[in-house]
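Student: I would like to go through this structure with you. Could we begin with how it is organised and then turn to the contacts between chains?

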Amino acid sequence: MTDETIKQYDVIVIGGGITGAGTARDCAMRGLKTLLVERYDLTTGATGRNHGLLHSGARYAVTDHESAEECISENMILRSIARHCVEETDGLFITLPEDDLAYQATFIESCLRAGIKAEAIDPAEARILEPAVNKDLIGAVKVPDGAVDPFRLTMANVYDARMHGADVLTYHEVVGMEKDGDRVVGVKLLNHHNHQTKIVHAAITINAAGIWGQKIVQMAGAQIGMFPAKGALLVFGHRVNNVVINRCRKPANADILVPGDTVCVIGTTSDRVPFDTVDDMRVTPEEVDVLLREGEKLAPCLATTRILRAYAGVRPLVAADNDPSGRNISRGIVCLDHEERDGIPGFITITGGKLMTYRLMAEWATDMACRKLGIDKKCATATTPLYGSELKAGETRGKKTYSIGEKVAFRAAEGRHGTLSKDVPKADIYDNALVCECEQVTVGEVKYAIENLNVHNMLNLRRRTRVAMGTCQGELCMCRAAGILAKSEGNAAKAQVDLVEFVNERWHGMYPVGWADTLCEGQFTSMIYEGLCGLNVFDKK
Amino acid sequence: MTVIKNISENNFEQCLKCSVCTVYCPVLAVNPAYPGPKQAGPDGERYRLKDPQFYDEALKYCLNCKRCELACPSGVKIGDIIQLARIKYSKQRPGLREIMLANTDIMGSIATRMAPIVNTSLKLTPVKKVMDGVLGISSHAKFPQYAGERFETWYKKNAAQEQKQYAKQVSYFHGCYANYNYPKLSKDLVKIMNAIGYGVQLLDKEKCCGVALIANMQSAQAKKQGLVNIASIRKAKAEGRVTLTTSTTCTFTMRDEYEHLLGIDNHDVKESIQLATKFIYELIERQGVRLAFRSDYKKRIAYHTPCHMEKLGWAIYSTSLMRMIPGVDFVMLDSQCCGISGTYGFKKENYPYSQKIGEGLFKQIESLKVDLVATDCETCKWQIEMSTTAPVENPISIIADALDVEATKALNSIK
Amino acid sequence: MKFDTIIIGGGLSGMAAGISLAKKGQKCLMVSAGQSALHFFSGSIDAYGCEGSAVGSVSSLPSCHPYSKMGKDTLIELTPVAKSLLADLGLDFVNNDPINHYRMTPVGLMKPTWLTMREYVRGSDVGQLERWGKVALVGIKGYLDFNTSFISQNLDRQGINAVEVEVTTPELQKLRTNPSEMRSTNIAKTLVGDALKAFAAEVKAACPEDVDVYLLPAVFGIEDDGPVKALQAEFDKPVHLIATMPPSVPGIRMQTLMRRKFQALGGTFMLGDAVVSGKFEGGRLVSVRTQNHGDMDFEADNFVLATGNFMTHGLTSDRNGVYEAALGVDVDYLADRKEWTKSNIFDDQPFMSFGVATDDNLHAKKDGMVIENLYATGSVLSGFNGIKEGSSTGVSLMSGLYVANQITKTIGR
């Protein structure tokens, strides 16, 4: 069945990752009537599956000067526009006895050339700065790395876009491009909730679908060579470090340990994978072993720290147009004007790049769209804070002291939603009850997320609030949250099936690290949801 | 075999979030302002590691009874996590009340010298009103009486010389209570040990174990005192003497809390700190020591397991000894906190909770119609005596009272 | 210290063994490292989760299954023993022997089971709940571990249309001022005496007058079933309970009653201590040592290992292998870590069947050698997936009794 409701937009942005979200915000801020469409949930792709590292650019300084410069510039911008998504932790590049200390000088020189403040410090000072660091280090360089929460950053951009008038449709998959001759004039969308399709028109369609953008380009009648590179990572149970720890050597496996919110993440591996596997990334035992072996060199205490889960993402690497073999890969930003390149007007692809440069990518794509639409309005995303990150008079980040008795959960919510946490209901005892005890998520915050943050199911809720992202990966809170969702949507049947899928989604990250506490936890989860509740009857094999 | 034991600093991560600890927290059952062991312990610890700002001063409601640790199926040191967080993050500083309540040996030294006056004035309504109003010490709480002569003074005058004659020797950490308030307990221990052929020596230097200092935010002072005690115990060990104790709380503090909360290295002397009942039981079992009891000692006795005894796991020694007394009709009370927790129940704001926590225990004691309640902790003794009609004695005093000294000496061939 | 039998583990299986042996006059010690899996109890003892007869399924089970090792005839013999053990504790379980009946789960689904506490909702078959007229499903305001939406939905699927109501009282509101501590057990501690009466009055006031049956969460009676009876006495219509998410109030009650019984029979119960090593000599376990007791050797003629599975840390694992935590006895498991788990959590996960290797009489093995006076019981046993089969509690109870019998026989010899 096709619902032929046609709505006219200036721009349709395809892809609910950080690039799409950032592009939608930029377009909306420049006054374009904007629609953001995403086939599943926001941050489902590579955006939600990386380190969450606020790169200083130091990692690229030696090998890719241009990326390094982009990173440090965007790094500074994000610190001011996305305060509630960023943790200013600083970073260390450490040299271990097995590494070549001579590399350090090259490294520092390259950093400085890219405008990255890199300062060699005494190993003893490094040990004080970050007590978790490998005590055997022989060299250390301090750089302005940090942590960025990609879920929060994406949501903040989407929220901001909406506040500037953009429409957002999640669970709407582009199943075809509407064309008028060669020109792309819109998209055909399949609504995954009601299985209906509809057509939406726009003057410009921007493809920001990451690795999946290859298919969008094909639908539009052109070709692009994308090469998925799989990166696996491990999440540990708590923050063992408060400063990012990197290895001072040529980029290799598992050489970055990033503290983020209540956890820390080690990664990554890097392997080319076939395109047909990108929707089902599994972490292998071999990858886990590599990550642990290398990770323990950065911070030996990882050996006795609980591993919560493993996950893998795919980097959307783009082959240069003159080299379809993929040997000549660009790690930089790729912004394609398909009118010029393929003779397809009304269609732009923005890809390549990285989480750190999403804003710049959005700027380029929006600039191009504006040019085509004949709109002359400057980009303001570098100077306008995102909703939730506005500075209040006299407030300085990280310095706020809390009065005794102020609930831990209020502070946690403030960390997640910035100043928007004022909208989290907290007036009565029922709203203040904790759904997720590990991550301090209240009933009020769940309600807030359901109403304001494009939440349709448990998975969405997790990404917006950290429900079930803590130590136990959701033992009791999954059922509590599912109950609230069932009530708010008035559909308990759907909520039960959703809960069962979510239990499995949690397990998917746990079983690759299924030993010790994680195995115990897995058994406990099964005991509750299958043994006690019998919910396995709703499992869609 | 590489079984992972609870050695990691990250022990809080062994929490499976089963919430069993919350079932057994005595505070939570009466005071909803306490976040509970799970939130205050492993849940909160993750957030505190992220940012110390997440420390919640409501952790002060924790009794440090460790019943959460006993209940935990995953061996998480929940109580230690909470107490360490208090030491590390709390911004509250001890007031006059905390200093008075915690410095038991300073207060004790002054009070024993003026015992009649102090004992009387502590009972006077105006004094109690001042303590209640100004200091925040509950006017309902009954203070233990101070003895006129400290045990140490008595020992030096009357016992020191005689103790030297025994071939075998132990040291004795009497603690504040058995020194200032109830020297009879110390004398009872000397009586039993002498009867089985052991001389009892004082430690070179003994300070209050510091349990009350830790609870009242004075852990630096507690550590100073702890180091003195451990040095003395170490010296006694070097001279071949085990150090006996008659208070579970002092024992537990010196064996476990010194290491876990104060960072005192006591591993070499830990096994040298022994509760007297355990030591005596082991002599009976391993070395054929025998006790003879008077036939006219007939009492119905109920045993209350102090929280820290529960944590030590040693109730079996005290109860086994009492069960050996032919005239004792022994009853085991349900294991539950009496609510006093050292100085906790003396504080005005805690007093009602303290009474409510102990309610079940008090009822059970009254219903059993016993002659005596036995318990190895002095503060449990105060609380039970304050809250029931039953008199309370340490098992050592019960054994001493029931002991036929001459017959025991004969059985063990002691002159 | 010398005992007749030392039981390692104080859950359902260890208690079943301990109580049986103490009843026979044995001097028993039970060492329990923390509280047991009864804290997650459903209100029912599942023998084997199948349609029809549980015991009838035994012959089709593989030979490694604990039920196969105990044997169908022995299980039939032990059935009345199990029932009388529970009855002796003052626990009122009902059954539909020899056919399984159905328990209602915390989300309102029906699962086959063997014995169910009388106050609980149960059915003779899926969709065949007792013939209820008008049903009131009562939730407690602010209590998040009783999902009335799901229960109501699943009742609806069984053709029962329940009226959902939500009640509270000042005492319950006080409880909810704590953001995390309004659990089943906190409610059970609150709803006693006058507070329970006030709660019942609120329920009556909130429900339509013509209600025929009240369904409530199982949050009554943590120490004994007094509050359950008191609650039922407040209504002139039937009141049935539905299991909640953990912790389980009736499970804790059962644990408490078992522990009290064991102690009343002269058993010594040490909570919060853990066996850390054992001295093996000539195919026998001579003594064990524990965390709290240093070099004290706890000796016994027989030992029972009832420490549970991974969840309760009877079994532990690391990247390289699976181990039995207390004594380091042999474990049946797959050497290749890749094969421990499957990607769908609801598949038959191989690790669920890992456990202590035993001979056909449930004697544990050490270095391949049968230890003739060490028995393994309950969830620590290998060869079955208790969660998948719906047999965890059944295996625990029956193997505990079986082992007690084996030990009793050796004394007779």
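**Domains and interface**

Tutor: In this predicted model, chain C is divided into domain 1, covering 2-92 + 272-412, and domain 2, covering 121-242.

Student: How far apart do the centres of domain 1 and domain 2 of chain C lie?

Tutor: Their C-alpha centres are 35 Å apart.

Student: Turning to the interface, how many residues of chain C are in contact with chain A?

Tutor: On the chain C side there are 53 residues, and they are in contact with 59 residues of chain A.

Student: What area is buried between chain C and chain A?

Tutor: The buried area is about 5,000 Å², and carbon and sulfur atoms give 64% of that area.

Student: How many salt bridges does the rule find across this interface?

Tutor: It finds seven salt bridges between chain C and chain A. One of the salt bridges joins A:Glu530 to C:Lys388, with the closest N and O atoms 2.8 Å apart.

Student: And how many residue pairs are in polar contact?

Tutor: Across the interface of chain C and chain A, 24 residue pairs are in polar contact, both residues being at pLDDT 80 or more.

Student: Which helices of chain C each supply at least two residues of the side that touches chain A?

Tutor: These are helix 4 (148-157), helix 5 (170-176) and helix 10 (386-389). Helix 4 of chain C gives the most, with six residues.

Student: What is the make-up of that side by class?

Tutor: The side of chain C that touches chain A has 18 nonpolar, 20 polar and 15 charged residues.

Notes:
Residues are numbered from 1 along each chain as its sequence is written. Chains are lettered from A and ligands numbered from 1 in the order in which they are written. This is a predicted model: local features need pLDDT of at least 70, side-chain atom pairs count only at pLDDT 80 or more; totals for chains, interfaces and linings use all residues. Side-chain values use heavy atoms; hydrogens and water are left out. Contact means heavy atoms within 4.5 Å. Buried area is the accessible area (1.4 Å probe) that two parts lose on being put together, summed over both. A salt bridge is a side-chain nitrogen of Lys or Arg within 4 Å of a carboxyl oxygen of Asp or Glu. A polar contact is a pair of N or O atoms within 3.5 Å; within protein, one must be able to donate a hydrogen and the other to accept it, and residues adjacent in sequence count only if both atoms are side-chain atoms. Helices (H or I, at least four residues) and strands (E, at least two) are DSSP runs, numbered from the N terminus. Ala, Val, Leu, Ile, Met, Phe, Trp, Tyr, Cys and Pro count as nonpolar, Asp, Glu, Lys and Arg as charged, and the others, Gly among them, as polar. Domain bounds come from an automatic or database domain assignment.
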